[in-house]
Structure formats: structure tokens, C-alpha cells
Amino acid sequence: MYAFEYHRPSSSKEALDLAAKKSEGKFLAGGQSLVQAMKLRLSSPSDLIDLGSVSELKNLKVEGNTVLVGAMVRHAEVAASPAVQKAIPALAALAGMIGDRQVRHMGTIGGSLANSDPAADYPAAVLGLGATISTHKRKIEADKFFKGLYETALEPGELITQVSFPAPKRAAYMKFKNPASRFALVGVFVADFGGNVRVAVTGAGACAFRQPDMEKALAAKFAPESVANIKVKSDGLNNDLHASPEYRAHLITVMAKRAVEAALK
Amino acid sequence: MSVKVSMKVNGKPVSAEVEARTLLVTFIRENLRLTGTHVGCDTAQCGACTVHMNGRAIKSCSIVAMQAEGADILTIEGVANGNGTLHPMQQAFKENHGLQCGFCTPGMVMNALDFAKGHPNPSEKEVRESLEGNLCRCTGYHNIVKSIVAGARAMAASK
């Protein structure tokens with residue numbers, strides 16, 4: 001790891017002031033991707049602004065039909081929260097599937113979204129539920145957040161503060177795991193808002209994306225057979241030693257079908 | 001740049017001047033000379049570096065020491081009782097032969113301890129799922145799973 005200067009602000013204002021001064025700096029959330037990337041020298045920020053002591057980013061609550069997750073809320077907290085389990089069980093279940101136990105104790109939603117790993121789980125929930133990402137200066141709709149490989153709508157120095165998820169009528173996330181890394185080879189999040197259905201895919205492309213043909217079919221009839229015969233085009237899908245684009249395309253249909261089945265249970 | 005880091009490790013306050021890029025595992029092994037916490041893969045896959053931070057299992061190779069500033073850290077050295085008798089989970093690993101070469105064992109035990117707190121009588125399936133973040137390159141999982149099931153029950157019984 002290259003050397004850097006470490007900062008430990010106690011408020012988001014202090015964190016933002018630091019970020020404004022340190023243009024080559026980075027916010028540090030749980031560090032489960034960033035510290036690893038720095039060890040591999042894939043990332044070499046001049047400064048790390050550790051958000052671990054910024055308590056205003058750690059709130060997790062359910063208000064009416066909305067689940068509000070602060071940027072520094074750990075995956076394990078979302079997975080274990082009775083309020084989230086009740087409001088959006090699929091969201092709690094997804095958080096409990098991220099990485100492994102130890103990673104879930106450190107990793108945060110803000111870190112996951114800002115990093116936008118192509119195989120991360122949270123982007124599927126954010127896009128599938130049509131969540132809103134609040135930063136210190138604006139609100140960004142999920143549909144406008146994910147821009148490409150590790151690329152988001154965030155501007156330099158912009159800080160995610162909270163993510164708000166509207167509770168659907170029913171939803172489920174199905175993930176085909178890479179058996180070694182537990183990252184999603186393909187993950188599909190299906191959410192039914194009563195007539196309006198959203199289907200979001202992670203792991204298959206450069207970043208999470210929606211599957212409009214499936215959404216239309218499921219809006220007409222929310223049943224596994226509505227998606228079972230939809231063939232997904234493999235153009236532009238990820239190709240690596242774990243899976244070909246054709247295999248990933250096939251998995252999208254299989255995982256979507258299973259997600260609908262799970263949502264109906 | 002060097003920074004001052006302070007935390008509690010196995011109940012004792014410790015502090016040192018370290019480089020900001022010092023990983024928690026490096027601080028534990030090299031500054032504190034507590035070498036029971038192992039570095040297996042250094043890429044967050046193997047879990048041999050698992051310790052508890054404020055009661056929760058984490059991978060100490062995946063955070064910098066400064067992220068543990070002010071925290072309560074428990075390493076494998078702090079698990080046995082003061083009088084030298086083994087913790088029920090350690091005893092269960094011994095009795096069920098839950099190790100072969102032993103390299104992964106500290107991480108397995110630390111993860112198992114945290115897991116057992118919420119699972120007083122776990123099924124084999126739950127234990128296997130809980131070990132997602134720990135690798136045994138001897139592939140001796142069968143006895144590790146048996147050990148954790150027995151250890152969790154023993155912990156619940158000794159409460």
C-alpha cells in the first residue's frame with residue numbers, strides 16, 4: 001500500500017471540508033473494497049477520510065413505507081434489523097448475502113454504492129426498488145446513479161448520506177454466487193409495486209441495469225412463467241474466466257424466474 | 001506519515017506510533033507481537049486473520065489499524081481463561097480434532113465464537129454457511145463443523 005495521510009472527522013461537515021481541500025483524497029467507509037484495492041496498489045489516494053466516527057451517517061430506521069439506511073450502516077445491521085425484515089424482507093435478505101460474516105460486519109451501503117462494483121449486491125436492490133440516494137447536496141434517483149464500470153453519478157468530493165427504499169408489495173433477490181468470492185455471477189432483484197414491476201440485474205454487466213422486457217411481462221402477470229421464456233441478449237455482458245456472456249444471459253432468466261417464485265412465497 | 005493509534009487488545013490498553021497505512025493485523029502481529037492472528041491470503045478470502053472488534057468478527061487484514069482506534073479488540077490470545085484452561089469452543093476443537101495443520105484455526109475459532117453467540121444450538125448447515133469467510137487448505141471442514149456445533153452447545157450450557 002502507498003502511504004497516505006489519515007483523517008478522522010467526527011461530522012460530515014468536517015469530512016466534506018477535508019474532501020474539498022484534498023482533491024486526491026478518498027472517503028473511507030468500511031474499507032472492505034478500498035483497503036483491498038489500496039493493498040493491490042489499484043488505488044492510491046493521497047488522503048483517507050475515515051467516516052467511522054461520523055455518527056450522523058449511522059442511522060437505520062423505517063418511516064411509514066420507507067426504509068432509510070444511513071451511508072455508514074453495516075450490512076450485518078440491515079440483515080439483522082427486525083424493522084427492515086418486516087418492511088422489506090428482500091432487502092434484509094440481500095444484505096445478509098453480501099460477502100461473508102466478517103465482511104458484513106464492516107462493509108457499508110454507502111461504500112458499496114460509491115464503489116459500484118459490477119458484481120456487488122446492493123446496486124440490484126437500489127435499482128430494483130427504485131431507491132433514492134441522498135448526498136450532502138442532492139437526491140439522486142437509482143435510475144440515474146449507476147453509470148458504468150465502477151462509475152456513478154457522484155461528483156468528486158460528493159458524500160452519500162442516506163439511501164431511502166420504498167417498500168414494495170412483494171420482492172425477492174436471487175443470486176448465483178461465484179463459489180470462491182461469493183460475489184454475484186448474476187443476481188436479479190424483482191420488486192412488485194402493484195402493477196408497476198422493476199427487475200434489476202447485477203453481476204452481468206459493467207454496472208447494475210434494468211430488464212424492461214421482463215418488467216413489462218411481469219406487470220401484465222406476476223408469475224414465474226411470464227419471464228421463463230424471455231431470452232436475454234448476451235451483447236455487452238461480462239466475459240471472464242467465471243462465465244461467458246451467453247451463460248450470464250441465460251442465468252438472468254433463470255434467476256429472474258426464481259426471484260419471482262420467491263417473491264410469491 | 002505516522003499516527004498515534006490506541007485501542008484495547010484482550011482487555012489491555014495499548015498504543016503505538018505507526019504509519020497510517022499499517023493494517024490492523026500488522027499492528028497486532030508486529031507491534032504487539034501477538035502472532036496467533038495469522039495472515040493467510042492477505043486478500044480477504046481466507047479469514048485466518050479474524051479477530052473481534054467491539055464483539056464482532058472482522059478480518060484484520062482488511063482494515064487499517066486506525067479504523068480500530070478506541071475499539072475493543074479480542075484476539076485468539078485473549079480467548080482462554082486466565083488460569084490457562086481452554087474456552088469451551090477451543091476445547092471443542094481439541095476434542096473433535098477440528099484442525100489438521102492448524103494455520104486456519106485461530107480464525108475459525110474467532111469466527112465461531114461470534115457466530116455461537118447468536119446460535120446456541122446451530123445446525124450443520126448454519127455452521128457451514130457461517131464459515132463462508134474462512135478457508136481451510138487442509139480441507140478439514142468436517143471436523144471443524146463438528147467442533148463448532150459442539151462448542152456452541154457447550155457455550156450455551158456453560159451460561
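**Reading strands, helices and contacts**

Modeller: Gladly! Let us begin with a pair of residues: A:His7 has A:Ile49, in β3(A), as its bridge partner. Please keep in mind that this is a predicted model.

Biologist: In what sense do β1(A) and β3(A) pair, and over how many bridges?

Modeller: To read a pairing, look at the bridges and the direction of the two strands. β1(A) and β3(A), which spans residues 47–50, run in the parallel sense and share 3 bridges. They belong to an open sheet of 3 strands in chain A, with the order β1-β3-β2 and parallel pairing.

Biologist: Which strands of that sheet stand at the edges?

Modeller: Look for strands with a single partner. In chain A these are β1 and β2 (26–28), so each has one side without a neighbour in the sheet. On average, and ignoring direction, neighbouring strands here are turned by 30 degrees against each other.

Biologist: Which helix lies across β1, β2 and β3 of chain A?

Modeller: That is α1 of chain A, residues 12–21, and its direction makes an angle of about 170 degrees with β3(A).

Biologist: Let me move along chain A. How many bridges join β11(A) to β12(A)?

Modeller: There are 8 bridges between β11(A), residues 170–177, and β12(A), and these strands run antiparallel. To follow the pairing by eye, find residues that stand opposite each other: A:Lys175 faces A:Gly187 in β12(A), and A:Lys177 faces A:Ala184.

Biologist: What about the other pairing of β12(A), the one with β13(A)?

Modeller: β13(A) covers residues 197–202 and is joined to β12(A) by 6 bridges, again with the strands antiparallel. Here A:Phe189 stands opposite A:Ala200 in β13(A).

Biologist: Which residues take a positive phi in the two hairpins?

Modeller: For a hairpin, read the residues between the strands. The hairpin of β11(A) and β12(A) has 6 of them, and A:Arg182 takes a positive phi near 65 degrees. In the hairpin of β12(A) and β13(A) there are 4 residues between the strands, and A:Gly194 has a positive phi near 80 degrees.

Biologist: Is A:Leu218 buried or exposed?

Modeller: The cut-off for buried is 20 or more other C-beta atoms within 10 Å. A:Leu218 has 26, so it is buried. This residue sits in helix α9 of chain A, residues 212–220. Beyond its neighbours within four places in sequence, A:Leu218 is in contact with A:Val197, A:Val199, A:Ser226, A:Val227 and A:Val260. A:Arg198 is 20 residues from A:Leu218 in sequence, and their C-alpha atoms are 8.7 Å apart.

Biologist: Now chain B. How is chain B divided into domains?

Modeller: Domain 1 of chain B is 2–78 and domain 2 is 88–157. Their C-alpha centres lie 21 Å apart. To read how they meet, count the residues on each side: 15 from domain 1 are in contact with 11 from domain 2. On the domain 1 side, β3 (50–53) and β4 (56–59) of chain B each give two or more residues, and β3(B) gives the most, with 3. By class, that side has 6 nonpolar, 8 polar and 1 charged residues.

Biologist: What covers the buried residues of α3(B)?

Modeller: The cover includes α6 of chain A, along with β3, β4, α2 (88–95), α4 (124–130) and α5 (141–157) of chain B. In α3(B), 12 of the 14 residues are buried, so the helix is largely enclosed by the rest of the structure. Among them are B:Met108, B:Leu113 and B:Phe115.

Biologist: How many residues does each chain bring to the contact between A and B?

Modeller: Chain A brings 19 residues and chain B brings 24. On the chain A side, β1 (5–7), α2 (34–39) and α6 (101–106) each supply at least two, and α6(A) gives the most, with 5 residues. That side divides into 7 nonpolar, 6 polar and 6 charged residues.

Technical notes. Residues are numbered from 1 along each chain as its sequence is written. Chains are lettered from A and ligands numbered from 1 in the order in which they are written. This is a predicted model: local features need pLDDT of at least 70, side-chain atom pairs count only at pLDDT 80 or more; totals for chains, interfaces and linings use all residues. Two residues are in contact if their C-beta atoms, placed from the backbone, lie within 7 Å. Ala, Val, Leu, Ile, Met, Phe, Trp, Tyr, Cys and Pro count as nonpolar, Asp, Glu, Lys and Arg as charged, and the others, Gly among them, as polar. Domain bounds come from an automatic or database domain assignment. Two strands pair if DSSP finds at least two bridges between them. Axes are lines fitted to C-alpha atoms, for helices over the stretch in contact, and angles run from 0 to 180 degrees between N-to-C directions.
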